[in-house]
Amino acid sequence: STFTTKDVRNTFLNYFEKNQHKQLPSSSLLPHNDPTLLFTNAGMVQFKNQFLGLQESKHKMVTTSQKCVRAGGKHNDLENVGYTARHHTFFEMLGNFSFGGYNSFKRDAIHHAWNLLTKEFNLPPSRLAISVLEGDEESADIWRKEIGLPNEKIMYLGKEDNFWSMGDGPGPCGPCSEIFWDHGPDKLVDGERYLEIWNLVFMQYFRNDKGVLEKLATPCIDTGMGLERMTSVLQSKATNYDIDLFQNLINGVKQQIHSNPTQSALVGKENPERVETALRVVIDHLRSMAFLISDGIIPFNVGRGYVLRKIIRRALSYGKILGFNQPFLYQLVPLLIVEMGDTYPQLQERFKEIQNVIYNEELTFYTAIQRGIPYLEDMIDKKSLNEESLFDLYQTYGLPLEMSEVKAKQNNISINMEQVNKLIEDTRKKSRSTWKSSGSGGSSSNNATVPDQVLRWKNDNIEPDFIGYQS
Ligand code: ATP
Ligand code: MG
Ligand code: MG
Ligand code: MG
């Protein structure tokens, strides 16, 4: 097909602009003023208050391409990356939204979606299927009678799949109808025939803090289409990682590998499937780390900064499979900018910061590894690697957990990471309480100890109004 990733984005946005939607920019990956959410995980996040009627919207119909990260919280795809064809930690969600702007809210959303897919993207209707929430006959009827879909293309699914909410806490939510691409009965991907490409959410409720659904004054529309998935369909690729954007990034990593003959030879002997997984993880995580840093997040021990650190370390752990033993991710940032810099100028503006933050994190990682790996390998040889000894390695040599975890997995040693994390948490608590008791007799009711304050301060630093990088 002739659609590049950029064409897909533009075709989507232009279609809705043509249909009286205002095109708005993506919001930051740091949800503005929303402590309930780790990172922006959907296009609707920046419009939360408009859905709830708490804020008047200048435009009743809008369209965006939204930066999303799903690496923690309710929607967490971190562990999927490398192993499924369709999941990323960072991806773009294309969306159209109505805050009471559609004449008939479900009908308009469904008709727009169908028009765009079959008239602009020219997908054959016979290859599309849809789902609705069990009991939502209103939506099913629109698909059946107005769009003309045969019954066998309509799946009725339960709340697990077809009732959308942003997170587990209070917030807007509602039933949804999803659109799938049919790979065909004998062309399964990840064992599945249907690929979910677009979710049409009928925002009708506010789930309050007691978990009770309250009807919204104005029913709203929120839709989300995965840009990378849509592109894979239009480029007739089996996985997202085969589209132009990712292939260009993957080729960059391959060039790095092949510029070093020893490394190249080593990787040549690796299991090709493992290499493929590692390449996917590296370039997927490259995108999420660069975008998170460009939105002001820095690696840290807790909170959002910790998720960023985890992403970088996971990339480096898989980088080992590709023979990387010293900083290399930071060198890929310029290539990412070639691919995405014109759509997201912030990447260009913050190029130096992004590179520096990644480089420093890489250095720390490799230093720790150099010290810790011989001990890790020794434990694997002696079959003494378990939760306790893995924790020791972390504690004594700073050997990143992600590294030990990957190594253990490779050697078929099962480690309960929850147990390891609990050991870490316990020592943290212990050290905190020793610190407290050595303080100058502060009252015990005052639990805002200095370490806690430092933690909070560090966390404040990564909130949206952090201006450290500009100043
Ligand atoms: P899946 O069931 O495949 O995990 P989802 O139901 O969690 O997807 P939604 O929350 O409905 O996804 O998000 C709307 C759309 O965003 C999806 O239909 C898909 O096209 C895209 N999408 C969701 N998660 C990812 C991801 N991790 N990587 C890339 N695209 C995604
Ligand atoms: Mg999902
Ligand atoms: Mg789904
Ligand atoms: Mg979905």
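This is a predicted model: local features need pLDDT of at least 70, side-chain atom pairs count only at pLDDT 80 or more; totals for chains, interfaces and linings use all residues.
Q: How many residues surround ligand 1?
A: A residue is near a molecule if its C-beta atom, placed from the backbone, lies within 6 Å of it. The closest to ligand 1 are D77, F91, N199, G224 and G226. The number of residues that surround the ligand is 17.

Q: How many residues of the shell around ligand 1 are charged?
A: Ala, Val, Leu, Ile, Met, Phe, Trp, Tyr, Cys and Pro count as nonpolar, Asp, Glu, Lys and Arg as charged, and the others, Gly among them, as polar. The shell holds 5 nonpolar and 6 polar residues. Its charged residues number 6.

Q: Which residue of β7 is the bridge partner of S165?
A: β6 and β7 form a hairpin, with 5 residues between the two strands. Elsewhere in β7, E178 is the bridge partner of S131. For S165, the partner is C173.

Q: How many residues of strand β7 are buried?
A: A residue is buried if 20 or more other C-beta atoms, placed from the backbone, lie within 10 Å of its own, exposed if 12 or fewer, and partly exposed in between. β7 spans residues 171-182 and is mostly covered. Of its 12 residues, the buried ones number 10.

Q: Why does E377 count as partly exposed?
A: E377 is found in helix α13 (residues 351-381). E377 counts as partly exposed because its C-beta neighbours inside 10 Å number 13.

Q: What is the mean pLDDT of the chain?
A: pLDDT is the predictor's confidence in each residue, from 0 to 100. In this model 91% of the residues reach 70 or more, and the chain mean is 89.

Q: Over which residues is the pLDDT below 50?
A: Local features need pLDDT of at least 70 and side-chain atom pairs 80 or more, whereas totals for chains, interfaces and linings use all residues. Residues are numbered from 1 along each chain as its sequence is written, with chains lettered from A and ligands numbered from 1 in the order written. The pLDDT is below 50 over residues 435-471.

Methods. Helices (H or I, at least four residues) and strands (E, at least two) are DSSP runs, numbered from the N terminus. Two strands pair if DSSP finds at least two bridges between them. Two residues are in contact if their C-beta atoms, placed from the backbone, lie within 7 Å.
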